[in-house]
Amino acid sequence: MAWLDHHAPLTGSAFVPPEDGAAVEALAVASGLEPPADLRAWWAVCGGTADLAFAEVLPPFYTPLGPSNALRSWRLKERFWPADLDTEAGTPTTGFHPMWLPIAFDGCGDALAVDLRPGVLSGCVVEWDREAGEMLKPEWTSLDEMLDQVATALEHRGRLGHCEPLVTTDGRLGWFTN
């Protein structure tokens, strides 16, 4: 968040202060899912954006969600829940699994989510493609790994997968894909 304030202030200005712990607890109660420590730590510094404004800080075009909007997103995806719920964390699935907590959106229905299904990869970050209705593989093994790689790419203006950070002259961060 400090990097955004200094290098991409227009993008940084879209973010709101973190929500209080009650919002995280409301999400946990309503979803039946316990947000892991790294997600709680992230939500302690990032409240998402005002009115779900786009601030694409997660490549290639994702905007972080605060806990209240994560719960809203989780509820909206209930109609996409798969028939087979007995799968391990990180395994490909068709549909949006109810044991995923959305953490970012793209405005087209796609989402980044923390996979809380049991298994070795519990806590990994997955990308759900709404149009295809599937998740093929974990993108990162944890939220901490994702945030570390994003921060490194921003600080060094380096590549992250097929994306490179780009800051416009007016102070907006985006990701150039190739």
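User: What should I know about the model before reading the values?
Analyst: This is a predicted model, in which local features need pLDDT of at least 70 and side-chain atom pairs count only at pLDDT 80 or more, while totals for chains, interfaces and linings use all residues. Residues are numbered from 1 along each chain as its sequence is written, and side-chain values use heavy atoms, with hydrogens and water left out.

User: Why is Leu-173 called buried?
Analyst: Buried means under 20% relative accessible area, exposed means over 50%, and partly exposed is in between (1.4 Å probe, protein chains only). Leu-173 has 3% relative accessibility, so Leu-173 counts as buried.

User: Which residues does Leu-173 touch?
Analyst: Contact means heavy atoms within 4.5 Å. Not counting residues up to four places away in sequence, Leu-173 touches Trp-3, Leu-4, Ala-8, Thr-11, Glu-56, Val-57, Leu-154, Pro-165, Leu-166 and Val-167. Val-57 is 116 residues from Leu-173 along the chain, and their C-alpha atoms are separated by 6.7 Å.

User: What makes S8 and S9 a pair of strands?
Analyst: Strands (E, at least two residues) and helices (H or I, at least four) are DSSP runs, numbered from the N terminus. Two strands pair if DSSP finds at least two bridges between them. Here 5 bridges join S8 (residues 163-167) to S9 (residues 173-177), and the two run antiparallel. In one of these bridges, Glu-164 has Phe-176 in S9 as its partner. Leu-173 also belongs to S9.

User: What lies between S8 and S9?
Analyst: The two strands form a hairpin with 5 residues between them, and Gly-171 in the turn has a positive phi of about 90°.

User: How do you know that the buried residues of H3 are on the same side?
Analyst: The buried residues of helix H3 (residues 21-31) are Ala-23, Val-24, Leu-27, Ala-28 and Ser-31. They cover an arc of only 140° around the axis, which puts them on the same side of H3. The arc is that of the directions from the helix axis to the C-beta atoms. An α-helix has 3.6 residues a turn, so residues three or four places apart point the same way. On the other side of H3, Ala-22 and Val-29 are exposed.

User: What covers the buried residues of H3?
Analyst: The cover includes helix H4 (37-43), helix H5 (67-76) and strand S3 (100-105).

User: Why is the pair Glu-25 and Arg-40 called a salt bridge?
Analyst: A salt bridge is a side-chain nitrogen of Lys or Arg within 4 Å of a carboxyl oxygen of Asp or Glu. The closest N and O atoms of Glu-25 and Arg-40 are 2.9 Å apart, and the pair forms a salt bridge. Glu-25 lies in H3 and Arg-40 in H4, so the pair ties together parts that are 15 residues apart in sequence. A network of salt bridges links Glu-25, Glu-34 and Arg-40. By this rule, the count is 5 salt bridges.

User: Are the partners in the salt bridges of Arg-117 with Asp-115 and Lys-137 with Glu-139 buried or partly exposed?
Analyst: Arg-117 and Asp-115 meet at 2.7 Å, N to O. Arg-117 has a relative accessible area of 0%, so Arg-117 is buried, and Asp-115, at 0%, is buried too. For Lys-137 and Glu-139 the closest N and O atoms are 3.5 Å apart. Lys-137, at 47% relative accessibility, counts as partly exposed, and Glu-139, at 32%, counts as partly exposed.
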